[in-house]
Amino acid sequence: MTAILTMGRIFRGRWLATAGLCWLILIALAAIFAPLVAPYDPLEIDPLVRLSPPSLEHLFGTDHYGRDSFSRSLYGARMAIVIGIGSVVVALVAGGLAGMVSAYFSRLGHVIMRVVDVLMAFPALLLALVLMTLLERSVVNTVIVIGIVYATTTARILFGMTLKLKGEVFVDAATCSGAGHASILFRHILPNLVSPLLVQASFIFAFAQLQAAALDFLGLGLPPEVPSWGNMLSESRIYVTRASWLLLFPGALIILSVFSMNLVGDALRDSIDPRFRNDIKGV
Amino acid sequence: MLGYALRRLLTLVPTLLAASLLVFLFVHLIPGDPAAVLLGDSATPEEIASLTRELGLDQPLYTQYLLWLGNVLQGDFGTSIFFRVPVTSVIADGAETSILLALMTMVWIVILGVPIGVVAASYRGTWVDQVTSGGAMLFASVPTFWLGLYLILIFSVTLGWLPSSGFPSVTDDGGLANLRYLLLPSFTLAAPNAALIIRLVRASMLDVQREDHVRTARAKGLAPWKVSVKHVFRNALIAVAAAFGFTFAALVSEAVVTETVFSLPGIGRLVVQSILRRDYPVIQGVILVIVVLYMVINLLVDLAYARLDPRVSLK
């Protein structure tokens with residue numbers, strides 16, 4: 001109940017962010033119920049209807065193998081959710097732990113943060129590209145690579161915040177009452193970091209979609225047989241002049257999902273950081 | 001200020017060394033034997049073994065690293081396995097395209113990002129602000145290759161106004177007019193970055209507007225446009241100037257996708273192609289060059305920032 005009230009407070013008056021949230025819920029439902037909703041098998045090849053434009057039979061048209069784009073898009077939603085959530089988990093767990101531990105144990109932290117510095121010397125896409133070439137193309141590896149890329153920024157942010165919290169009186173109080181390091185870190189400091197982590201998570205979710213699509217496009221992301229929005233775009237590239245719908249629908253799905261997540265992230269951030277409150281009403 | 005600059009420069013050295021080691025290790029962990037890839041399917045084991053020796057790939061890893069690093073410090077990045085020419089000249093070939101692309105992208109970012117951001121801040125809370133801020137966020141959500149493909153579809157295929165791929169050097173026939181080959185790619189690359197700058201300019205303007213010196217300026221009866229230009233805009237630009245620098249530093253690697261979409265002979269596409277060709281020396285060289293460039297530009301931005309806002313170097 002309190003969760004619903006909080007949601008109501010965050011999204012009140014923000015019709016665009018609310019629409020974004022609804023869209024994301026829709027995508028999640030599509031991902032869960034893809035096998036039930038999809039009119040065709042996403043991998044089923046039907047040469048007779050190859051490259052046919054959108055119609056009642058094939059809502060989003062068909063691709064160069066005659067596969068139904070609508071069904072593939074529904075299964076693509078699965079990949080989008082898996083990539084998004086997976087990257088967020090990897091980035092927050094790895095980056096969050098690195099940042100918190102570094103700030104708390106300053107000697108060890110010195111070493112860890114230098115490693116983070118070196119990783120951050122690589123531009124994000126380049127790091128993802130190089131890591132991807134070391135690994136086989138698979139869903140898990142894509143998630144890990146994108147997660148690592150965003151773990152570095154997460155570590156930086158949490159390092160700063162933990163450092164600040166470490167000096168607070170409630171930490172001293174916990175130490176005096178005999179709390180151990182683990183207890184202070186995870187029971188006293190971590191709860192104070194939940195809101196910024198949530199905001200960070202929403203933006204990582206959004207950017208991970210774009211990074212994954214870019215990797216797919218370069219042929220270094222998900223395996224080509226996996227129906228993801230990025231792969232669909234990548235495959236349709238040479239047919240765009242004859243079949244522009246192959247570019248339109250998966251692209252629109254990516255854009256709408258990333259846009260929605262950014263809107264939700266903004267709404268979350270504004271509700272946490274009072275400086276932003278009432279900044280853009282409606283947006 | 002000088003002390004700050006020197007300190008920052010000194011911290012760059014160990015990071016660079018670590019980055020070079022990482023680049024070297026990354027490349028050597030890539031699965032696939034470059035000698036076998038180079039010689040093709042018909043190669044005999046003897047041929048592969050002899051090429052491996054010739055390329056120095058049979059030495060222990062640390063020897064290979066030290067040799068490579070020593071050569072790199074003398075400006076020798078080795079020889080491309082694929083092109084059979086020095087890596088430095090392969091990179092130099094791509095440099096013109098990449099530098100011009102980055103510069104044109106920055107022009108787009110400045111002419112789109114700054115005015116729209118200022119307008120959004122001036123009309124804060126109105127529909128103008130909602131449309132521009134929302135539009136900026138929408139553009140930041142577009143995959144660059146998708147935008148590029150659509151621009152090709154509209155401006156090259158349908159309208160036939162602009163070329164869709166390639167880039168002949170400005171020293172070739174056509175001269176500076178060849179820059180039209182970069183119009184679509186630079187806009188593609190600029191769009192998401194300009195969107196971020198719009199949001200930043202707007203936020204920065206709003207931040208400064210709340211400060212005391214602005215209130216004082218208004219209170220003493222200064223014309224509103226003068227307050228906006230002299231007191232708000234100039235101070236807001238400090239934060240934005242740093243963002244320009246960081247954006248510029250990231251452009252070379254972000255261009256990987258754009259250069260691939262438009263088949264431009266730049267450094268970004270060189271990264272992807274040399275990865276696919278398993279061309280070790282080129283991968284190492286080009287990634288190291290990008291990383292060094294990225295770090296140096298970021299350092300320069302930091303120093304410029306410290307110059308603009310003296311409080312930074314005192315921390």
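## Two domains in chain B

Chain B splits into domain 1 (1–74) and domain 2 (87–312), with bounds that come from an automatic or database domain assignment. Keep in mind that this is a predicted model, where local features need pLDDT of at least 70, side-chain atom pairs count only at pLDDT 80 or more, and totals for chains, interfaces and linings use all residues. Residues are numbered from 1 along each chain as its sequence is written, while chains are lettered from A and ligands numbered from 1 in the order in which they are written.

The C-alpha centres of domain 1 and domain 2 of chain B are 32 Å apart. Where the two meet, 17 residues of domain 1 of chain B are in contact with 14 residues of domain 2 of chain B (contact: C-beta atoms, placed from the backbone, within 7 Å). On the domain 1 side, H1(B) brings the largest share, 11 residues. By class, that side of domain 1 has 13 nonpolar, 3 polar and 1 charged residues. Here Ala, Val, Leu, Ile, Met, Phe, Trp, Tyr, Cys and Pro count as nonpolar, Asp, Glu, Lys and Arg as charged, and the others, Gly among them, as polar.

## Meeting chain A

Now for the partner chain: 38 residues from chain B and 34 residues from chain A make up the contact. Among the elements giving two or more residues on the chain B side are helix H1 (2–29), helix H6 (127–140) and helix H12 (280–308). H6(B) gives the most, with 7 residues. The chain B side has 28 nonpolar, 8 polar and 2 charged residues. Helices are DSSP runs (H or I, at least four residues; strands are E, at least two), numbered from the N terminus.

In the model, residues 99–123 of chain B are 96% helix and 0% strand, with end C-alpha atoms 36 Å apart. Residues 182–201 of chain B are 95% helix and 0% strand, and their end C-alpha atoms lie 26 Å apart.

## H9 against H10

Helix H9 (residues 212–219) of chain B packs on H10(B) at about 155°, with axes 10 Å apart. Axes are lines fitted to C-alpha atoms, for helices over the stretch in contact, and angles run from 0 to 180 degrees between N-to-C directions. H9(B) and H10(B) are therefore roughly antiparallel (angles over 145 degrees). At this packing, His213(B), Val214(B), Ala217(B) and Arg218(B) in H9(B) meet Val227(B), His231(B) and Val232(B) in H10(B).

Methods
Angles under 35 degrees count as roughly parallel, over 145 as roughly antiparallel, 65 to 115 as roughly perpendicular and the rest as oblique.
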